[in-house]
Amino acid sequence: MNDFALWPVLAGAAAFFAVGSLWYGVLFSKPWQRAAGFTNTQLRESNMALIFALTFAFEMLIAMVLWHLLARTDPPAFVVMMMAVGFAAGVMIPAIGINYLYLRKPLALFLIDAGHFLLGMAAMGAVFVWFRS
């Protein structure tokens, strides 16, 4: 397996992005907006094209790092999923938790965002399992 492979990385990032679209667009749009403290006007006035582009770029970076780890270790499928979900649960979620503590963000916002990271990384892991089979 190559240390970097464009199609799995793109597909993994796309899976993470798709989870985010459903998570914040369909499932938790209003609860997230309330917990984050945004008004409808603030959301309308934001540059969503830039936000989406940067989101996908960051998700590509996450996908590249995870793919590189998988290429170097060649783990079985269940370990791929453990690594993907474990990275979310053991690194990403605690990192946002620390930030949210100091920013005094509400628990509801933390739970919504943590759920997104957990499911997004699980989706990315599943895509990587599929590409490796």
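This is a predicted model: local features need pLDDT of at least 70, side-chain atom pairs count only at pLDDT 80 or more; totals for chains, interfaces and linings use all residues.
User: How many aromatic pairs does the count come to?
Analyst: A pair of aromatic rings is described by the distance of the centres and the angle of the planes. Rings of Phe, Tyr and Trp pair if their centres lie within 6.5 Å. By this rule the count of aromatic pairs is nine.

User: Is the pair of Phe17 and Phe52 stacked, tilted or edge-to-face?
Analyst: The ring centres of Phe17 and Phe52 are 5.9 Å apart, with 80° between the planes.

User: How many residues apart are Phe17 and Phe52?
Analyst: Phe17 sits in helix H1 (residues 6-27), and Phe52 sits in helix H4 (residues 48-73). Their pair links distant parts of the chain. The separation is 35 residues.

User: Are Phe17 and Phe52 buried, partly exposed or exposed?
Analyst: Buried means under 20% relative accessible area and exposed means over 50%. Phe17 has 24% relative accessibility, and Phe52 has a relative accessible area of 44%. Both values lie between the cut-offs, so Phe17 and Phe52 count as partly exposed.

User: Which helices does the pair of Tyr100 and Phe110 tie together?
Analyst: Tyr100 and Phe110 form an edge-to-face pair, 6.4 Å centre to centre and with 80° between the planes. The two residues are 10 apart in sequence. Tyr100 lies in residues 77-103 and Phe110 in residues 107-132, so the helices tied together are H5 and H6.

User: Is Tyr100 buried or exposed?
Analyst: The cut-off for buried is under 20% relative accessible area. Tyr100 has 16% relative accessibility, so Tyr100 counts as buried.

User: Which residues do ring pairs link into a cluster with Phe17?
Analyst: Ring pairs link Phe17 into a cluster with Phe52 and Phe56.

User: What distance does H4 reach from its first C-alpha to its last?
Analyst: H4 has 26 residues, and at 1.5 Å a residue the expected span is 38 Å.

User: What covers the buried residues of H4?
Analyst: The buried residues of H4 are Glu59, Met60, Ala63, Leu66, Trp67, Leu70 and Ala71. An α-helix has 3.6 residues a turn, so residues three or four places apart point the same way. The cover over the buried residues of H4 includes H1, H5 and H6.

User: Which helices each supply at least two residues of the nonpolar patch?
Analyst: The surface patch consists of Phe4, Leu6, Trp7, Trp130 and Phe131, with about 610 Å² of accessible area together. Trp130 lies in helix H6 and counts as exposed at 62% relative accessibility. The helices that each supply at least two residues are H1 and H6.

User: What is the phi of Asp74?
Analyst: Most residues other than glycine have a negative phi. Asp74 follows H4, lies in the loop between H4 and H5, and is exposed at 55% relative accessible area. Although Asp74 is not a glycine, its phi is positive, about 45°.

User: Where does Arg104 lie?
Analyst: Arg104 is not a glycine but has a positive phi of about 60°. Arg104 counts as exposed, at 68% relative accessibility. Its place is the loop between H5 and H6.

Key: Residues are numbered from 1 along each chain as its sequence is written. Side-chain values use heavy atoms; hydrogens and water are left out. Rings of Phe, Tyr and Trp (its six-membered ring) pair if their centres lie within 6.5 Å; planes under 30 degrees apart count as stacked, over 60 as edge-to-face and the rest as tilted. Helices (H or I, at least four residues) and strands (E, at least two) are DSSP runs, numbered from the N terminus. Buried means under 20% relative accessible area, exposed over 50%, partly exposed in between (1.4 Å probe, protein chains only). The expected span of a helix is 1.5 Å times one less than its number of residues. Contact means heavy atoms within 4.5 Å. Patches are made of residues with over 30% relative accessible area and no salt bridge: like charges are joined within 9 Å, nonpolar side chains (Val, Leu, Ile, Met, Phe, Trp, Tyr) within 5 Å. Accessible areas come from the Shrake-Rupley method with a 1.4 Å probe; for residues, only the protein chains shown count as cover. A salt bridge is a side-chain nitrogen of Lys or Arg within 4 Å of a carboxyl oxygen of Asp or Glu.
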